[in-house]
Amino acid sequence: MDRREFMLGTLAALALPGLVIPVAARPAAGNASAGKTVLAVAEDVDPFQATVRAVSFLGGMNAFVPVGSKVLVKPNIGWDRRVEQAADTHPEVVRAVVEMCLESGAGDVVILDRTCNDARRTYVTSGIRGMVDALASKQVHLEYVRENRFTVVKIPRGAAIKQWPIYSYALEADVIINVPVAKHHSISGLTLSMKNLMGLMGGNRGTIHSNIGQKLADLSTVIRPALNILDASRILLRNGPSGGRMEDVKVLNRVAACADPVALDAYGATLFGIRADRIPSIVAGYSMGLGEIDLSRVKMAGT
Amino acid sequence: MRRTRILSQWAFGLFFIYLFMNTRYLGADVIAYPVNAFFRLDPLAGIGSILGGRKTPLFFWPLLILLPAVALFGRFFCGWICPMGSMLDLFGRRSRNRSPAPEGKYYRIKEIVLIFLLGTSLFSLNLTGIVDPLSLLIRSFAMGVVPPLERFISSFFDITYRVGGPLRAATEPLYGWLTDHVLSFYLPVFRYTVFFLGLIVVIIALELVERRFWCRNLCPLGALLGWFSWIAPLGLKVSEGCDACAKCPPTCRMGAIEYEEKMVIRAKDCILCYDCQDACPDGVITHHPGNAGVPENASFVSLSRRQFLVGAGIGAVFPLTVGSTSRPDNLPPYLIRPPGAVSEAEFLALCLRCGECMRVCLTNGLQPTLFEAGIEGMWTPRLVSRVGYCEYSCTLCGQVCPTGAIASLDRVFKRKVRIGTAVINRNLCIPFVKPEECLVCEEHCPIPKKAIVFDHAAVAGPKGPVVVKQPRIIEDLCIGCGICEKKCPLDGESAVRITNRGEDRAGSM
């Protein structure tokens, strides 16, 4: 079955809820079975509060971060843009995540991204540097990605990529918390949680764009965040992923959290008025059993 | 005094290194202090840019203090301040060859070079920085010494990281500290590194021939300061009571002491190191006033009139014979100058080729030219986008340029300055040659409204037509920053390249 057949099948399944879903499109594994996936959404003008509440609807950070664990927090810090331009994850969202990790007893919290603009500039301009400096915690490290710290990882279930260099710390960390910002992207459609994991990829990432949906899903089979937190405090509607125009930014004051990246991305798509089955990575992730595409089968929590 | 001099050399030397190390992005858009401060004290660079650029940059105001002081006391700059001189003293200290010989075989070279440089500067081609010691040092360190050194250090930590375990744990703190405070953010890559390293190695190795070989024989800045200190009424002199014991000449690293019934110090060559004063058993080497420092046979310029005129003449003719690239219609198409660069002719008249901009460039994209900008443009900066693009909100190169060859731009203004225009090569670009998506160039375009847009095109795929997005440049919006050229995922040549078409140059002649 090729992608087109699959997508038609999926659409048919979505159009006829409760009827037979094509066998091959049925999730092979994962936490996507009906009723189990909980997706929390919190609305608050303060992104910090929104984040704390969203996670609390999932049972709090304790449910994801064991005591003494090494945590990797992966926000989007890809672009040399200011907070309000919505190209990077809001530093207050990241601060909330980091503080909750510390409260849960995390040993070390490492924050990093393999950036698109110069990392020194993006860390400063995005506000992440200032936030981390203000925390002044010895357990929190804002790390620059070093090119010699990637390890080539086999992707056994990969359909489009069979191996790729992945940042070592992503492989060593006990827990990964993925903290994307929701925004427009001309090839992937939207940049959401699965796309955000590209920041842990080494090598020539530019080649990802061909058949990007499948490649992002392949990547998600080897990098499995315990929790995905979508920053939709303000979203970039056009001219993404780097943006820069305030008229392309829409303030939503929302933060969503979910262990299931597919469900979270499916929810993220609705924020843009886009159907989840139009975003290739969501479709591919669902077909690989990485999560639930149908939000009617997801338990929504929060406001 | 000798101890004070050595202290001063260390102080200025370490200050020079400190400024060099801080010639980089340190977390703020504006570099808080002038990391190019040494050039303010550099009369060769100053005269070169003032003559060449036909304007008087206020930047060089400290010369109004330095030059009169040199005229009074002599070449103390060379003995007390110049980091090149200090470095040579450091390496030459153990050199057995003290060569007390006054005026050796090659001492005229530096004046010939100086005359040539003044000639070219008069005709609006400023080549002083190619041989100016401060400019040469910064350029050699940045492009010749630092890259191999850092490659060596990082390859060591690459190994410890691969080995892992306790070795990695043991070396991590040191590596972390080095990356935070010493090493460049990325491993620096520069063209012609071997040449820049070789040049500085040769200059140091010449200490084996004579102490301070460079300063005595080759340095045009030394020659210029020598002219200013020809008489030096308050310079170091041998006063009455010298019995010509000849103990001082072997101590002189400049070969400035000669015998003329008694010992005479040639003010033009003396760099006030005070070694002779320590060696003098009678204590007759002092600063007493008068012009006894001028030997009877001395002349202001060591060159013959013919040498002088020929040197100046060649210098004056040289710019007239080259000048080809300074015409806008004759610029090599891929010669992209940094944002804020003045018009090409003025650029060649001002640029010292010191390498400050290339050192500070965030992305390592500024590279030295060899002959790409014509022989007259040697070592000037050009943006090689495939190596590193021009970061949209970065203004560092203009901030560190000592002469205004690259204007210092406001961040908001800089984002609008066009250094060139991107051109897509449809014979290479993926969605034009294959039924595949790409658009990495569009994704990275920093222009808020996107200077790269795309068209939907039906191309032949394995199972019939496929619709792909093909990029297109909006020329009116493109500023030529080159991030598209840098990030193009093709191996080898990028499918999008920056040409200097439509470039904005600050000012004009």
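Trainee: How many cavities of 30 Å³ or more does the count come to, and how does one look for empty space of this kind in the first place?

Mentor: Rolling a probe the size of a water molecule over the atoms shows where empty space is left. In this structure, which is a predicted model, the count comes to 15 cavities of 30 Å³ or more. The largest cavity has a volume of about 230 Å³, and 17 residues line that cavity, with Ser184(B), Tyr186(B), Pro188(B), Arg359(B) and Cys361(B) the closest to its centre.

Trainee: Which elements give two or more residues to the lining of the largest cavity, and how many of its residues are nonpolar, polar or charged?

Mentor: Two helices of chain B do so, α8 (133-163) and α16 (356-360), and the largest share, 3 residues, comes from α16(B). By class, the lining of the largest cavity holds 11 nonpolar, 3 polar and 3 charged residues.

Trainee: What is the volume of the second largest cavity, and which residues are the closest to its centre?

Mentor: The volume of the second largest cavity is about 130 Å³; of the 15 residues in its lining, Cys361(B), Cys390(B), Glu391(B), Cys394(B) and Cys397(B) are the closest to the centre. That lining is made up of 12 nonpolar, 1 polar and 2 charged residues.

Trainee: Turning to Lys215(A), which side chain of opposite charge is the nearest to this residue?

Mentor: For a buried charge, one looks for a partner. Lys215(A), in helix α8 (residues 212-222) of chain A, is buried yet has no salt bridge, and the nearest side chain of opposite charge, Glu436(B), is 6.4 Å away. Beyond its neighbours within four places in sequence, Lys215(A) is in contact with Ala160(A), Ile161(A), Thr207(A), Ile208(A) and Ser210(A).

Notes: Residues are numbered from 1 along each chain as its sequence is written. Chains are lettered from A and ligands numbered from 1 in the order in which they are written. This is a predicted model: local features need pLDDT of at least 70, side-chain atom pairs count only at pLDDT 80 or more; totals for chains, interfaces and linings use all residues. Side-chain values use heavy atoms; hydrogens and water are left out. On a 1 Å grid over the protein atoms alone, a cavity is a set of points where a 1.4 Å probe fits but cannot get out, and a pocket is an open set with protein on both sides within 12 Å along at least five of seven lines; lining residues have an atom within 4 Å of a point. Grid points are joined across faces, edges and corners, and a volume is the space filled by probe spheres set on the points. Helices (H or I, at least four residues) and strands (E, at least two) are DSSP runs, numbered from the N terminus. Ala, Val, Leu, Ile, Met, Phe, Trp, Tyr, Cys and Pro count as nonpolar, Asp, Glu, Lys and Arg as charged, and the others, Gly among them, as polar. Buried means under 20% relative accessible area, exposed over 50%, partly exposed in between (1.4 Å probe, protein chains only). Lys and Arg count as positive and Asp and Glu as negative; His and the chain ends are not counted. A salt bridge is a side-chain nitrogen of Lys or Arg within 4 Å of a carboxyl oxygen of Asp or Glu. Contact means heavy atoms within 4.5 Å.
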